[in-house]
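Me: Hi! I have a new model open and would like to talk it through with you. Could we begin with the ligand?

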Amino acid sequence: MDKIKITGGKVLNGEIYISGAKNAALPLICASLLTDETVTLTNMPILSDIRAMNALLVSIGTQIDEFDDFVDGHPTKTYSYRTKEFSSLIAPYDYVRKMRASYYVLGPILAREGHVELSLPGGCAIGARPMDIHLAALEQMGARIEIKNGYVHADVDGRLKGAHIIFRFASVGATCNILMAAALAEGTTIIENAAKEPEIGDLVDLLNDMGAKISGKDTSVLTIEGVDKLHGARHKVIADRIEAGSYAVAAAITRGRIELINARAANLQTPLNILRNAGVLIQEKENSIVVDAVGRTLTGQDIMTDVYPGFPTDLQAQFLALMLTAEGAAMVTETIFENRFMHIPELLRMGANINVHGHASAIVRGVSKLYGAPVMATDLRASFALILAGLAAEGETIVSRVYHLDRGYERLEEKLRGVGADIERIKETD
Ligand code: EPZ
């Protein structure tokens, strides 16, 4: 398994191009299942999670064409998806266990075919992550749901029916799944307490371009007037706000300056305000964000994760690492997932001063120095936090289990090397 070696202490300076958003691309791919025509997605990130989703779609009958492309001079992928007819209505355990987002096939296949079998993903490193909100909403729309042998079996006679659905929690995944299911349902569906993450707005845009009738984009009440048929479309994936936020921290933690090309400040207001309050200079431009911490002394800031537009749980680990280099204390509270502090024991090995209180809160105290160490993490964002700590640390850090990073950070070493980091991938064959 590959490892990443970082020699810390370099001040990062330059530009980083922000790729298309993984968490937008995954539901967009599945939206293509709603039509027998071609859906083309551009500005797609080059990531193992995208390859995993593509493999699942191929296994159920989708024809995928892949093209190398350039957006603003940066390498990217364009994929065309066409599911003329399904060869299987089953999303097997082998695919779903590798990538939970496989559950995005549930709503579209059920809406188009009236039957689907999806392996339940089970828990993961950051929490239990049940699917009850998705399933209760589909039942309200007339689906019969049974759990047998680890699989959800969902059936409906005729079409799904529009319903008035109130989510008990603003789940990102359930909002996407029910949006897709409702697009082809009979009648009108109203989702109250819908999630408002920008990736959902991107899905609404694609679905409307495919002929869906969805209003309320970017609000917590979505109204979907079901239509009989959807058609093909071409769509450019939005920039990855979490990748942008992660590299913003790379600038701040090394007291450097990075311009995040293609990043949208509007989607990152809460994290950018934390950086500003900590003492980082932020310049918001039309198509980029400049993060400048050169010569700055940062001060600890309390952080509490929340649904959008609150502070994203997907940036909690990275900002926690940053607070280790700030003066004073910061209280970091995780409210979305029940087990998302797995980076802390590894950071402690690098000289961090962190006290965890229960499952949800940690007091982080700035330290005068972090020291390189061999570390490993159990999920994508936690792994990036270790990379960040390695960039700021004295000496060498080796991050193992790099496959976590490959799921969500495109060309990570290349991007960081481009702004002056001393980072390399060590290929291992075992
Ligand atoms: C999405 O996961 C993202 N994944 C996650 O990104 C992100 O952390 C999360 O949203 C929150 O922003 C993708 O977009 C592919 P949720 P999702 O449903 O949809 C509970 C990353 O690193 N819940 O909003 O699974 C759940 O257990 C990742 O890129 C239920 O209880 O998130 C969790 O505690 C990881 N029942 C909370 O809600 C349900 O039916 C938030 O989950 C659904 C969710």
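**Around the ligand**

Reply: Happy to. This is a predicted model, and the shell around the ligand is made up of 12 nonpolar, five polar and seven charged residues.

Me: Which residues come nearest to the ligand?

Reply: Asp 132, Ser 171, Asp 314, Ile 336 and Arg 381 come nearest, out of the 24 residues around the ligand.

Me: Okay, and what does Asp 314 do with its side chain there?

Reply: A polar atom of the Asp 314 side chain lies 2.6 Å from an oxygen atom of the ligand. Asn 23 also uses its side chain: one of its N or O atoms is 3.1 Å from a ligand oxygen. With Gly 173 the backbone is involved, as an N or O atom there sits 2.8 Å from an oxygen atom of the ligand.

Me: How much of the ligand does the protein bury?

Reply: The protein buries 89% of the 830 Å² that the ligand exposes when taken alone.

Me: Which elements give two or more residues to the shell?

Reply: Those are helix 1 (22-31), helix 5 (132-140), helix 6 (172-183) and helix 12 (380-392). Helix 5 gives the most, with three residues.

**Two domains**

Me: Changing topic a bit: how is the chain divided into domains?

Reply: The domain assignment gives domain 1, which covers 3-19 + 239-426, and domain 2, which covers 22-236. Their C-alpha centres lie 30 Å apart. As for contacts, 27 residues of domain 1 touch 26 residues of domain 2.

Me: And where does the ligand lie relative to domain 1 and domain 2?

Reply: Both domains give residues to the shell around the ligand, so the ligand lies between them.

**Strands**

Me: Now the strands. How do strand 4 and strand 5 pair?

Reply: Strand 4 (residues 63-71) and strand 5 are antiparallel, with nine bridges.

Me: Which way does strand 3 run against strand 5, parallel or antiparallel?

Reply: Antiparallel: strand 3 (residues 38-44) and strand 5 (residues 74-82) pair over five bridges. Thr 40, for example, has Ser 80 of strand 5 as its bridge partner.

Me: What joins strand 8 to strand 9?

Reply: Five bridges do, and strand 8 runs antiparallel to strand 9 (residues 151-155). Ile 147 stands opposite Val 152 in strand 9. The loop between strand 8 and strand 9 holds Asn 149, a residue other than glycine with a positive phi, near 50 degrees.

**One last bond**

Me: Last one: what kind of peptide bond joins Tyr 308 and Pro 309?

Reply: A cis peptide bond, with omega at about 10 degrees. As a rule, most peptide bonds are trans. Pro 309 is in the loop between strand 18 (303-304) and helix 10 (316-323).

Me: Great, thanks for the tour!

Definitions and conventions. Residues are numbered from 1 along each chain as its sequence is written. This is a predicted model: local features need pLDDT of at least 70, side-chain atom pairs count only at pLDDT 80 or more; totals for chains, interfaces and linings use all residues. Side-chain values use heavy atoms; hydrogens and water are left out. A residue is near a molecule or strand if one of its heavy atoms lies within 4 Å of it. A polar contact is a pair of N or O atoms within 3.5 Å; within protein, one must be able to donate a hydrogen and the other to accept it, and residues adjacent in sequence count only if both atoms are side-chain atoms. Accessible areas come from the Shrake-Rupley method with a 1.4 Å probe; for residues, only the protein chains shown count as cover. Helices (H or I, at least four residues) and strands (E, at least two) are DSSP runs, numbered from the N terminus. Ala, Val, Leu, Ile, Met, Phe, Trp, Tyr, Cys and Pro count as nonpolar, Asp, Glu, Lys and Arg as charged, and the others, Gly among them, as polar. Domain bounds come from an automatic or database domain assignment. Two strands pair if DSSP finds at least two bridges between them. Contact means heavy atoms within 4.5 Å.
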